[in-house]
Amino acid sequence: MKSALSLSLALVLLPTLASAADDPVDLPQGYWPASKVDEILSKTQVVRLAPDLTGLDINEREAVDSLLEAGAIMQRLYEDARHHQALKSHENLIALNRRLGNPKRTRDLLDLYRLFQGPIATTLANGREAFLPVASQVPARNVYPVDATAEQVNAFLAAHPERRGMILAERSVVRRTAPETLERDLRTLNDGALAVLHSRLKADLQTMSRQPDLKSFYAVPYAVAYATELRGVYQRLNDAAEKMEPTDADFAAYLRNRARDFLSNDYESGDASWVAGRFGKLNLQVGAYETYDDALFGVKAFPSFSLLLVDRPATDELRKKLGGLQAVEDALPYDHHKHVREDISVGVYDVVADFGQARGTNTATILPNDANFSRKYGRTILLRRNVMENPDLFAADLRIWKASVADPFADDLAPAGNFQRTLWHEVGHYLGVDRDKDGRTLDEALKDRADSMEEMKADLVSLFTLHRMAKDGVIDSGLLRAVQAGGIRRTLQNIKPRSDQPYQTMQLAQFNYFLDKGLITADPSTARLTIDYGRYADVVESLLREVLAVQYAGDRDAADAFLTRWGAWTTGLHEKLAARIRDAQGPRYRLVRYGALGE
């Protein structure tokens, strides 16, 4: 890894995504040909997010600069965590671009790297291929040894159950007990702060180093694995905190706590001050929370960073309307209800810049995920308005919708419905099952199937709740219809999902369940859908009951069987409908640029 100073430089991107095919530059073996690059870029939509920052004072603008530097470090950590050759391949591509005089051929490859946040592309056929001269992507990514298999790790854990907690910890990197890796980690632990904070780990590594065994595994926390980089983030968060202190003491306190979290590898102080704080103009999601990128066990969280500018009037109005969460929890169709905090934090924001796993067109987030932290402090919901209300993004959704449904339903989809459905999806993560019958977290119990089941639960809690709100007169029938249409639009797939895609997997499962229960019916000749809205509430409640039961049972094999049962893809209906969607949707990929980064 490079030093934190070198990682803080912002990426420089070209203003357009032009065709690579008309620039015949010969590149070394391993680089995609121009035709394959152009196949992706010609299907890529550029989305630019540039909220007005003129309302920030000079100190707040300087804080933003420090935070964007921290974000650039998190971006590099994310790329490295996903592929062990990502950073080197990017350096080589930049050097090649300079050596050749900045031709469009290599500029387009740089755009491709930016689009996929690494050297592995998702093809139009939903495959994963290296477009730079690197090894193929492996399930271990770069948070386990790249040659490790799940069978090897499980065999080790069976023989050493005392290591399970650290090996499968969400913020740890797993190593083989080779002399060179042990020596490197012990050198890192000679640092004063880390030596004190992780003294037990140091003693363990010293014991292992006396008899290293390449068949064995150990793990170090991110604080040690990424010590240099996280020290750079620590410094920049503290710099920003100093600038924010005069105008936003709560936000400054959160930044200082989160900075210390990166050294201790314990997020409790930062999460508590994040959820409980009442911030002014800015908010920040920074850390490693979501496990979608871990294709081996589905337990490792990957780095993310999202700097947000608050819409204060919209936030204040939304907070007035969001309440009664305990009544919603108590109404869910399962028997093991919990007590929830009702003063959950929620805000409407414009994205200033995203990095790492947060980068893209994500509409909303609810964090933290830790069940104990949620119980003690609650959670915070971040709604990204300049993504949710982007007219170009909704236009693509509308094209897909109109191509997929029969004409009488063509006007049912509306942005207001998507806003409400997304809001209650995030609340849905806070409600329902969060531990199985044995008290285990769902990540621990369901492993690689946990994310699919959790995202499906959140989708269904949202639809279930909004149906109840309509029945009680809280929302009108027009808004409910837009919510219902959005719930079905959510399930439509333009390509067969891979098993390592949790969102798409659970969306396909919902689609097939809706089809089986008669909520939707497909025309055999055109694959266009007819909707029986009268069945909607009962079908959603039925599926939600099944999902909650699977989560509470905590049986990974049962979760896998459930998703397999409802995850069928046929060349008739599914592929025919997917082809209609592909023809109608236009761009398949979205590359986001940020005004705050000078893009």
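Guide: Let us begin with a charge over a ring, and then state the ground rules. The charged end of Arg481 sits over the ring of Tyr533, 3.6 Å from its centre. The term applies if NZ of Lys or CZ of Arg is within 6 Å of the ring centre and within 35 degrees of the ring normal. Arg171 is placed in this way over the ring of Tyr267, with its charged end 3.4 Å from the ring centre. This is a predicted model, in which local features need pLDDT of at least 70 and side-chain atom pairs count only at pLDDT 80 or more, while totals for chains, interfaces and linings use all residues. Residues are numbered from 1 along each chain as its sequence is written, and side-chain values use heavy atoms, with hydrogens and water left out.

Visitor: How many aromatic pairs are there?

Guide: Rings of Phe, Tyr and Trp (its six-membered ring) pair if their centres lie within 6.5 Å; planes under 30 degrees apart count as stacked, over 60 as edge-to-face and the rest as tilted. The count here is 20 aromatic pairs. One of them is the edge-to-face pair of Phe116 and Tyr589, at 5.6 Å centre to centre and 85° between the planes. This pair links distant parts of the chain, for Phe116 lies in helix 5 (residues 104-116) and Tyr589 in strand 13 (residues 589-594), 473 residues apart. Helices (H or I, at least four residues) and strands (E, at least two) are DSSP runs, numbered from the N terminus.

Visitor: Are Phe116 and Tyr589 buried or exposed?

Guide: Buried means under 20% relative accessible area, exposed over 50%, and partly exposed in between (1.4 Å probe, protein chains only). Phe116 has a relative accessible area of 9% and is therefore buried; Tyr589, at 10%, also counts as buried. In another pair, the rings of Tyr222 and Tyr226 have centres 5.2 Å apart and planes at 50°, so the pair is tilted. Tyr222 is buried at 6% relative accessibility, and Tyr226 is buried at 4%.

Visitor: Which residues form one aromatic cluster?

Guide: The cluster consists of Phe251, Tyr254, Phe262, Tyr267, Trp274, Phe279 and Tyr289.

Visitor: Which residues is Leu597 in contact with, leaving aside its neighbours within four places in sequence?

Guide: Contact means heavy atoms within 4.5 Å. With those neighbours left aside, Leu597 is in contact with Leu68, Ala353, Phe355 and Arg359. Leu597 is placed in the segment after strand 13 and counts as buried, at 17% relative accessibility.

Visitor: At what angle do helix 3 and helix 12 pack?

Guide: Axes are lines fitted to C-alpha atoms, for helices over the stretch in contact, and angles run from 0 to 180 degrees between N-to-C directions. Helix 3 (residues 58-82) and helix 12 (residues 227-244) pack at about 165°, with their axes 8 Å apart. Helix 3 is therefore roughly antiparallel to helix 12. Angles under 35 degrees count as roughly parallel, over 145 as roughly antiparallel, 65 to 115 as roughly perpendicular and the rest as oblique.

Visitor: Which helix orientation is found for helix 19 and helix 27?

Guide: The axes of helix 19 (residues 391-404) and helix 27 (residues 573-585) come within 8 Å and cross at roughly 140°. The two helices are therefore oblique to each other. Their contact includes Ala396 and Arg399 of helix 19 and Leu577 and Arg580 of helix 27.
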